[in-house]
Every structure is written in C-alpha cells, then in structure tokens.
Amino acid sequence: MAVRDEQLIRAGIETGLIEESAVEQLRLVARRERVPLLSKLLAHYRLPVSAMHRALAEDQGVAFIDLTRAELNSVLTKKLPSSLINRKHMLVMTLDGQDMLVISDPTDRVSIDSAQRLIGHTLPVSMSEPERIRLAVKKVLANTAVAQASEISTAETDLVSLLDQILKDAYLSRASDVHFMTEEEGLRVRFRVDGKLTDYPLDADQSVAAGLISRVKVLSGLDISEQRMPQDGGFSYQLSAPVDMEFNIRVATAPTRLGERITMRLLGSESNSLTLADIGFLERDLVEFKQAIRKPYGMILLTGPTGSGKSTTLCAALQEINHPDINIMTVENPIEYVIEGVSQIQTGPKISFADALRSLLRHDPDVLMVGEIRDSETADVAVKAAMTGHLVFSTLHTNNAVSAVTRLVDIGCEPFLIGSTMTAVIAQRLVRRLCRHCAKSRPATEDEKVLLSVEDEVEIFEAVGCAVCQGQGFRGRLGLFETLWFNERLARLVAKGADEETLESNAGKALKFMWEDGCEKVLRGLTTLDEIRDVAVFKRHDMAEVS
C-alpha cells in the first residue's frame, strides 16, 4: 500500500527536511503547472523520493534499513498470506541477527497488528525504500497464484521513460556518475554519490539491459553495432518539469564478459552556483587564492588524481573573476562546466591542447585555462604564455604541491621559466562533508589529539545519519588543499633547480600541508579524521622544518 504524498510532506516538515513556508509557496506553483506537489518539492530541494520515506520513518520512530544488507526470513514470511504481502508490501527480514517486519507504510497499524498476530509474536517495525520493497515482494511472490493473477500483460518496456527516470533520480540523488553493468540476472545500475557507489533499485532483464545500453549509445553518437571495442562519446540531456534541468553527460563504454558496460558522468549540473567558499577553502587560503587569481599574469596549477575536484575548483575560480572587461578563454577535454561569457574550446583528434593554446594566444586573451598539461609542448606554450603577460590556469597529476615543480622540469620546462612565472600550486583531494543536521559531537581521544596536534580538550564530530543525508551521516563533499604560494625566495630556489626537500624546508608559511588543512576542518566539524586519513598523509609543518 503506497504512502500518501501528504503523509510524506508532513513528515518532511516535522523532521526539518523541508520548510513549511516553502511547501505553501510551491503548492500554488505546482497547481499552476499541474504537477504533483511532492514532485515539485523534490525538484526544489533536489532530494530523491527515498529521502521523504526516510523522514516518515524518522517521524514515526521506526528504523529505516538498507534491504541490500538484509536477508529474507522465509520461515516467518510464509506465515503471512500472499495477498497481504502483495497488497501491503510487507516482509520479514533479518539484519545483523535481528528479525523485523519491513513495511512501506508504518502508519497502517491495522495491517501491522494483523501481521504480528499471524507471525505469533511482536517484531520491531522498520521501513526501506518502497521500490526495493516492491522488488523484494515480487521476488518472494514470483511463483505464487497471486503474482500470476496480478501480473499484467504489458507491452515492451518504455526505454525512453526508463532512462529518463534513472537520470532524474541520479540528478536528485546528486550523483556524479551512473554505471550500467550487464550481469547474468540483467542490468545492474549504480550511482556514485559523494564518492561512494550505491545500487539503484531496478528490475531489468537482459533485453532491457541491451535496449538501455543501445539507447545511451544512440544519444551519444556511438556505433551501436560495435560491442567489442571501447567507445567514448557524450550528449546533452534535458530533464522535464518540474526538475527542468539541462546538463552534459560524458559516456564511456567497455566490453565485458557478459556484455557491454557504460559509465556516464554527469557534468556541470551546478556550475552557476559554484563558489570558492562552498568548495572548502578556509579564510586565509581563500584570501590568498583570490589575490592570486586576480594577478595580471602568472601560472596557477591545480594538482591531484582524477576525480579530486580540480576542474570544479578551476570553474569556481573563473566564475569569481569572470567580468565583461576580461577576455577568458579555455581549452578542455571534455568541457565539464559551461561558463557564461567564456570562450571554451574542446580538443579532439584534429586539435591538440598545444595547437588550441597557440591559437587562443592570437585572440587577445587576458586569462587562459588549459584543462591539463600532458606533454612538453603544452607545458612550454603555457609557461611562455604566463611569462608574456597572461594569467594561466591548468592542472597536473601529482601527489602534492611541491612535486608539481619537479614534474614540470621532468616534462621539459626550464627551471628559470618556472620560477619566474609560477604564482601558486594547490594540491587537492575530496572528502565527504559531515551532515550538519545530524552530526554529533564528542571529546577527542588522546590518540586523536596527537593526530590533530592539540593538547587541550577538544570536541570533534562524528557521522550519525538522518533523512537529510539519506542515513549516510555525510552530505556533499569539500576539498582538502595543500597550498604553496610562491614568493621571491621560492622563485629563486626553483630557478636554481632546488629539489622537493629543499623547497619544503624553505617554504615556511607559504606552504600548508594537506594534513594540516584537514585537521583544521575536523576541528571545525566539517568532516572526520577517518575521511582525511583516506586521502592525506600525516605531515605537519613543524615536522617538515625539522627534516
């Protein structure tokens, strides 16, 4: 039995997931646009519908569980009539040794009491995502007469609507990537949300899997007959109202043992709202970075592995300085964020980074952004552009800030050119941001105080989980930064060919290690020590000076 929309909306208000004032305003808009109020609210707050069901569970005081981690208790479930399971969508599941009655609507006390009497003893009631419960019920009833009677002989699956629903849910879930994997049972879909992969509930057999993959390949301009070679492409997708959002999707295919798999990266869905403060710069670094990006010439490098947020930071920096009296031009592959008023060129088989950069220099640019320095030719053109009066932004794949200098030397740049043009190098990683609605403070242990380099008693925060963060304890991500601000002393050392250890020991306050930045964010309640342990190496400035 489906929960009524008004129940979900009321639970969302009671738990603080949505605001009552916004509900009343959007009620009129939804009526005028002739769309359901719940759909309008989900689009406005950018929430998946499962968030509202989690809010209902929280409001009713019942647990909200992940059915993928639970097992069906077939003995107790058989005590329930198939008709009751089918109508009310309830099952008995076991999670961590605890039996529980899982139901879609925890307010249906009559059905719950009936189930408890049939089982013979009282079980704790819990909820889960309605679609996951529906799929589990379908599996349980697969060979029963009830399932056969309720089965409707439908036509083929509407692949257009199904793909639209998947992409809509990916956007509302704030997913960065969508994975289509062909398995023996059919299609497995996964979303990457805040750096972690989660399964998307979907019942799709092999024919649906093949159809969806072909649909994506057609949209991407790929060869649907080629299934033995990897292909790359992309397309622009418009989600219909009430979401009404357009974004670009980068597509990559690969052949696997059971069929093709597809990875789709959702690009630029938040480019207009990007700010440097939102990305995670602390006050001092934010001031330094804003000063650096407003200099008339020089080079600013962002370093880090793939997926560390370099392009997002560069986009936010360009948004910060984007003004009608400045000519900003970029060379990228692919164009991840569309920036109004900026000339953006995408490289391809007929134009390389170096060729595109040389061409842009003849278009009177003030600011140039090179998506990535990959070879000596691109590095040479970029460094010389910075030396001839242009502000150049670019990225490198290095582990820390100081190694960017040696990487450029290895590529083939002259040390004296690097020293005279470099303005700043920023190494970056992403960590999950603690949910501000449910994060819980506690005193730091002695070991944690050592890691945080503090002696006094301090409070740090840990993840809990609520409706707002979908039970994860984290919502969104923020950057950890290792910043190296170049001054005359560092420039002279680089020009003389100093190694990394010499640069680190002589940088002083111009260098802040990533671990130090992470610890400061832990003390401010923005993330946890476990998160920074995953991406940063324990290193403090005083240790660098001693070494």
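Predicted model: local features only at pLDDT ≥ 70, side-chain atom pairs only at ≥ 80, totals over all residues.
Two strands are taken to pair if DSSP finds at least two bridges between them. S4 and S5 belong to an open sheet of 5 strands, arranged in the order S1-S5-S4-S3-S2 and with mixed pairing. The edges of the sheet are formed by strand S1 (63-64) and strand S2 (71-72), each of which pairs on one side only. In a regular strand, side chains alternate between the two faces of the sheet.

Helix H7 (residues 109-119) lies across strand S3 (90-95), S4 and S5, and runs at about 145 degrees to S4. The loop between S4 and H7 contains Asp105. Asp105 is buried yet has no salt bridge. The nearest side chain of opposite charge, that of Arg4, is 6.0 Å away from Asp105, whereas a salt bridge requires a side-chain nitrogen of Lys or Arg within 4 Å of a carboxyl oxygen.

Strand S6 (residues 175-183) and strand S7 (residues 186-193) run antiparallel and are joined by 8 bridges. In this pairing, Asp177 has Arg192 of S7 as its bridge partner. The hairpin that joins S6 to S7 passes through 2 residues. S7 also pairs with strand S8 (residues 196-200), in the antiparallel sense and over 5 bridges. Here Val193 stands opposite Lys196 in S8. S7 and S8 likewise form a hairpin, with 2 residues between them. In the turn of this hairpin, Asp194 has a positive phi of about 55 degrees.

Leu28 is found in helix H2 (residues 20-33). The relative accessibility of Leu28 is 52%, and Leu28 therefore counts as exposed, the cut-off for that class being over 50%. Leu28 and Lys217 are 189 residues apart in sequence, and their C-alpha atoms are 40 Å apart in space.

Leu37 lies in helix H3 (residues 37-45). Because its relative accessibility is 13%, Leu37 counts as buried, a class that comprises values under 20%. Leaving aside residues up to four places away in sequence, Leu37 touches Glu6, Ile9, Val23, Leu26, Arg27 and Ala30. Leu37 and Asp5 are 32 residues apart along the chain, and a distance of 8.2 Å separates their C-alpha atoms.

Burial was also considered for a complete helix, H22. Of the 10 residues of helix H22 (residues 514-523), 7 are buried, so the helix is largely enclosed by the rest of the structure. The buried residues are Met514, Trp515, Asp517, Gly518, Cys519, Lys521 and Val522. Just after H22, Gly525 adopts a positive phi of about 80 degrees.

Key: Residues numbered from 1 in each chain as written. Heavy atoms only, no water. Buried < 20%, exposed > 50% of the residue type's maximum accessible area, 1.4 Å probe, protein only. Helix = DSSP H or I, 4+ residues; strand = E, 2+ residues; numbered from the N terminus. Contact = heavy atoms within 4.5 Å. Axes fitted to C-alpha atoms, helices over the stretch in contact; angles between N-to-C directions. Lys, Arg positive; Asp, Glu negative; His and termini not counted.
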